Amino acid sequence: IDLYLAEGFTGSPSSPFEEWILLLNPGLDQAHLEIDYLFPGGETLLREYDLPARSRLSINVDQVVGEGRDVSAHIRSDNPVVAERSMYFIYNNMWPGGHCERAVTGARNDWYLAEGFTGWAGSPFDEWILVANRNDQAATVTVTYMYPDGSTQVVDHATAPNSRLSISADAEVGNDKEI
């Protein structure tokens with residue numbers, strides 16, 4: 001079983017984030033898991049876990065990879081498991097919040113993201129598109145921004161092999177844009 005989590009950030013003192021990977025083994029047999037943590041530029045870190053039958057495990061990613069890291073995860077398991085990533089934060093040391101994302105069950109070449117807003121100058125909105133390249137070769141990622149009037153804007157990005165890429169939509173399309 002392969003599962004993927006593209007987004008992750010472990011925060012810093014000026015912008016506290018706390019990232020967790022949450023795993024559930026609903027089956028009757030133990031699951032052996034390998035998690036490859038992927039970082040910008042191609043650095044990786046492998047950790048292994050055993051998850052007993054009908055149990056759950058919470059992994060504090062901050063403690064595994066360190067503070068201030070952009071990180072994606074590729075989870076491999078010998079038995080079916082459920083994986084989610086939860087993040088709790090005080091964004092820009094001002095706005096507390098949290099969100100949860102379930103792992104996707106496979107890598108794909110095409111993704112569609114319906115929600116997007118870059119906010120106005122000084123607003124609390126920042127839009128990021130996060131990509132994990134789990135291949136042994138560099139890849140080109142093409143982002144096509146779609147606007148309410150039907151127009152588009154295309155931007156290409158290079159990704160290193162086995163790496164994580166963070167794309168600032170704000171920087172690419174400007175402020176106050178619905179995309």
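View 1. Helices (H or I, at least four residues) and strands (E, at least two) are DSSP runs, numbered from the N terminus. From that end on, the elements follow the order β-β-β-β-β-α-β-β-β-β-β-β-β-α. The C-alpha trace spans about 50 × 35 × 30 Å along the principal axes.

**View 2. The surface and the interior of the protein.** Of the 179 residues, 39% count as buried, where buried means under 20% relative accessible area (1.4 Å probe, protein chains only). The protein exposes about 10000 Å², and carbon and sulfur atoms supply 51% of this area, as computed by the Shrake-Rupley method with a 1.4 Å probe. Among contacts (heavy atoms within 4.5 Å) with a separation of 6 or more, 69% are between residues 24 or more positions apart.

**View 3. The open sheet with strand order S5-S2-S7-S8.** The four strands of this sheet pair in the antiparallel sense, a pair of strands being counted if DSSP finds at least two bridges between them. Strand S5 (55-60) and strand S8 (95-102) stand at the edges with a single partner strand each, so one side of each is left without a neighbour in the sheet. Neighbouring strands of this sheet are turned by 15° against each other on average, direction ignored; the axes are lines fitted to C-alpha atoms, and angles run from 0 to 180 degrees between N-to-C directions. Strand S7 (residues 82-91) is joined to S8 by eight bridges in the antiparallel sense, and Arg85 has Glu101 in S8 as its bridge partner.

**View 4. The open sheet with strand order S1-S6-S3-S4.** This sheet also has four strands with antiparallel pairing. Strand S1 (2-5) and strand S4 (44-51) are its edge strands, and each pairs on one side only. From one strand to the next, the twist averages 20°. Strand S3 (residues 31-38) and strand S6 (residues 72-77) run antiparallel and are joined by six bridges; the bridge partner of Tyr37 in S6 is Ala73.

**Notes to all views.** Residues are numbered from 1 along each chain as its sequence is written, and side-chain values use heavy atoms, with hydrogens and water left out. In this predicted model, local features need pLDDT of at least 70 and side-chain atom pairs count only at pLDDT 80 or more, whereas totals for chains, interfaces and linings use all residues.

Key: Buried means under 20% relative accessible area, exposed over 50%, partly exposed in between (1.4 Å probe, protein chains only).
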